[in-house]
Number of protein chains: 2
Amino acid sequence: MSANNMAYADLMAHVRQTEALSKVAERLGWDQETMMPRGAAEQRGEEMAAMEGVLHARRTDPRIEGWLAAAEAPDEVAAAQLYHVRRSFARATKVPGDLAQELARVTSVAQGIWASARAADKVADFLPTLARVIELRRQEAACLAQGGDLYDALIDDYEPEASAESLGAMFGRMRPRLVALREAVLGAPVPAALTGHFPQEAQLRLARDLATAFGYDWSRGRIDLAVHPFSSGGGDDSRITTRVVESEPFNCIYSTIHEVGHSSYELAIDPDYAMTPLGHGVSMGVHESQSRIYENQLGRSRAFTGWIWGEMRSRFGDFGMDSADAFYAAVNRVQPGFIRTEADEVHYNLHIMMRFDLERALIRGDLLVGDLEAAWNDRFMADFGVAVDRPSNGMLQDVHWSVGLFGYFPTYTLGNVYAGCLNKALRAAVPGLDADLARGETAAATGWLRENLQRHGGLRTPRETITHACGFEPSEGPLLDYLEAKFRGLYRL
Amino acid sequence: MSANNMAYADLMAHVRQTEALSKVAERLGWDQETMMPRGAAEQRGEEMAAMEGVLHARRTDPRIEGWLAAAEAPDEVAAAQLYHVRRSFARATKVPGDLAQELARVTSVAQGIWASARAADKVADFLPTLARVIELRRQEAACLAQGGDLYDALIDDYEPEASAESLGAMFGRMRPRLVALREAVLGAPVPAALTGHFPQEAQLRLARDLATAFGYDWSRGRIDLAVHPFSSGGGDDSRITTRVVESEPFNCIYSTIHEVGHSSYELAIDPDYAMTPLGHGVSMGVHESQSRIYENQLGRSRAFTGWIWGEMRSRFGDFGMDSADAFYAAVNRVQPGFIRTEADEVHYNLHIMMRFDLERALIRGDLLVGDLEAAWNDRFMADFGVAVDRPSNGMLQDVHWSVGLFGYFPTYTLGNVYAGCLNKALRAAVPGLDADLARGETAAATGWLRENLQRHGGLRTPRETITHACGFEPSEGPLLDYLEAKFRGLYRL
């Protein structure tokens, strides 16, 4: 082996163990939200901080610089590995280890505080913690930005290549068409909503069957209940959570399909990339494109909802939806609502645009945490025409800020945009797809996504990943076209 | 702060993070046996190896030597901390990091292989793995023993101060009285056994209520199902597992109480010792004394079984036990059986003595792994007068060897011996105990144990811990006296 190849081998051996340890930290996070006894919260904070200390030390190991300088990349896979290691090293060396550990400790404990505050509907219980999280993330952003924009520095963690400016410009182009569509739809007769009682156990059985229908690999995953649905882990162990509201089965159904999309991406990545930087979804936006296309373009399609309707009738009996068309309309009912995760496809991105503006202002220091609730409620009234009735329907609804995820929200809309592009390409590549979906069969769709996108992991940049799969450059056009066609058809506009 | 105190503070800050990381590794082990999807076994092996690499590097950090040389111990707590760090450093520096990592990886994967082999009753499926585990543990023992006895070096991991010679001598003193008692009991009329069907859900509810009756702190623990009952973790997060056989509720009942004993010990340790070497049970023998006194001297007493009998009648209806006395006799029914964990108190230690001799021979190289099944079965016939009918009733029954726990089994009998001593002291200190137990109240007993033993964690050596609690030096006498009195009474000998 040449000295250059030795350097590459040594570097990858180091990185491989770092990856294994980061999987441990992620598993610990899963445990915290699903299994951990409540009294262990403080201790878990110390454990998370200790893990972060280890990870930070490994990511800033001074030998990495030498390995990177000497290593040779004989092929595009090795070149991509080196790109990711270089990025990780550059990022990690900018942030002091103490700050990284403190962030891990504080955000671990903050999750439980957020959950309690949300349950009690008390903003004041959460504000000191949120202020501390923001303070720490701003400190970190200052280290990373090196004089540049703080919020951009945080976005970069979740979506390389993106910036507040580029995302804001895209949101600006999207908003008029979304608002026009919303106005048109809200002027039309309102379809009947689903009502009734759907017992938890039966919902969970249906959720499992839906996961199976979408090809979830149970030998390498599992599903549990949590306050906030999420997916966690990768390689051969990617788990999902869901939640159940007995009066609203769409909550469990669509959060499950969404998380199956995330996990399926992780589980589909080429096993050759396991325990390396290529062995992850390449960005949060691309990740969200997978969860969203599973959930919406496939899961909320007329064809697939027809199959779900049949499944629900055989499980829950007559629940007041006489036809598959009525059920399709209920699934896709457009109405202003408080909760982002329950929003219809027309409103969803408007929620994100609001989060984007608020968190950008928080991180830039233009909005103080004490003013956040008022700012949230004012903006919600302006964007949705509804007064927030309680904090759990307002600024306490999402876990993200408690765990320091600032810069993450915009990737949700980016993911929707990418899902729009992928859906266009998928429909062209698999013309008989609706016939499959009507029988509850998703293999053609998930197989196309696996082959063209998922298996490649971090081999290409996020935009290149989408372009490679679609055969065209991504833009917001296909998503907006899809939404207009779908909802104008559904509402007979 | 003086330089000496600075050294102590720096050392303890280092140790504290190491403790946090070792708790992470332990939580990962719990996850593996309760939650992990099967397909993740290989990946988990890599994760465990990576964690062991981190722990080994921290435990052998060259700065520790300097800190230890400079540190001052102003009080007995600090002195005990330094004692433990010195021991850990001396041990860790003798074992190469690569070997420690390989052991972690191999034993992690071996667990799943053992479980599959046990389920399929195929020794051959497990032998190559067992051979590899033994080979690695022998290598490790050779590093530790530095010319001394390999098996003693492994015992030292679980029971400082103990040796094969001292344990063997104690077993030699115990065997004649145990065998004589067994012969006497087996010559008497056999009490009726419990029969019937006890549904899993109802057994698990009872198990939870029993844990509550023994004071288990649910805010810092949880109970789940696993192949092998165990307790895991400490500080503010100590979890237990149990298993259910619907025809044999004593299995679930007594394994639950047993594990509650272990977890209660960990959860009772002085919070000032959290995340330090004093914050653990001091040895496996002392640990087992807690699980055993909860399970046997308390849980299988005439008084407490009377309360369980009432609880079971109210939950399961009439299950064919007409009186609390008959139930007590069924709980304590003495009979030769294959399974150690289900053995009565008379037979239990005979199982351990057999494991002790076999594993000592394996580690010393006197017994080859290919000859183990025959050696096991011959010895079982000699000691118990019964032919092993299948490997899951023989050498595949216990998880221990798959995870490399050689030198661990004898601590079970040592724990029984310690439990005998503690029971003698407890009964003298709390004269009205049986009246409490008859009402399902254990607070006086568990409070005495907490105050006199559990809260001290690793402050004293194992024997000193028992002596401090009992007020006398431990020996096997009290256990044998207790067993003879109990079973001669029960069998009217």
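First, a definition: domain bounds here come from an automatic or database domain assignment. With that in hand, chain A splits into domain 1 (3–148) and domain 2 (164–490). The C-alpha centres of domain 1 and domain 2 of chain A are 26 Å apart.

A word on ground rules. This is a predicted model, where local features need pLDDT of at least 70, side-chain atom pairs count only at pLDDT 80 or more, and totals for chains, interfaces and linings use all residues. Residues are numbered from 1 along each chain as its sequence is written, chains are lettered from A and ligands numbered from 1 in the order in which they are written, and side-chain values use heavy atoms, with hydrogens and water left out.

Next, area. The size of an interface is often given as the accessible area lost when the parts come together. Buried area here is the accessible area (1.4 Å probe) that two parts lose on being put together, summed over both. Between domain 1 and domain 2 of chain A, about 3700 Å² is buried. Carbon and sulfur atoms give 64% of that area. Which residues of domain 1 of chain A lose the most area to domain 2 of chain A? They are A:W30, A:W114 and A:R118, together 17% of what that side buries.

On to charges. A salt bridge is a side-chain nitrogen of Lys or Arg within 4 Å of a carboxyl oxygen of Asp or Glu. Domain 1 and domain 2 of chain A share 2 salt bridges. Elsewhere on your screen, find A:R390 and A:D121: their side chains meet in a salt bridge, 3.5 Å from N to O.

Polar contacts come next. A polar contact is a pair of N or O atoms within 3.5 Å; within protein, one must be able to donate a hydrogen and the other to accept it, and residues adjacent in sequence count only if both atoms are side-chain atoms. Across the interface of domain 1 and domain 2 of chain A, 13 residue pairs are in polar contact (both at pLDDT 80 or more).

Now the two chains. The area buried between chain A and chain B is about 2800 Å², and carbon and sulfur atoms give 58% of it. A:M35, A:P37 and A:Q43 supply 19% of the area that chain A buries against chain B, more than any other three residues.

There are 6 salt bridges between chain A and chain B. In one salt bridge, B:R44 meets A:D237, with the closest N and O atoms 3.6 Å apart. Chain A and chain B also have 14 residue pairs in polar contact (both at pLDDT 80 or more).

Over all chains, the salt bridge count comes to 88. Look at B:R239 and A:D31, whose side chains meet in a salt bridge at 2.8 Å, N to O. B:R239 lies in strand β3 of chain B and A:D31 in helix α1 of chain A, so the pair joins two chains.

Last, the sheets. Two strands pair if DSSP finds at least two bridges between them. In chain B, 3 strands form an open sheet in the order β1-β3-β2, with mixed pairing. Why does one side of β1 (223–225) and of β2 (231–232) of chain B lack a neighbour in the sheet? Both stand at the edges with a single partner strand each, so one side of each is left without a neighbour. β1(B) and β3 (residues 239–242) of chain B pair in the parallel sense over 3 bridges. B:D224 stands opposite B:T241 in β3(B).

Conventions. Helix = DSSP H or I, 4+ residues; strand = E, 2+ residues; numbered from the N terminus.
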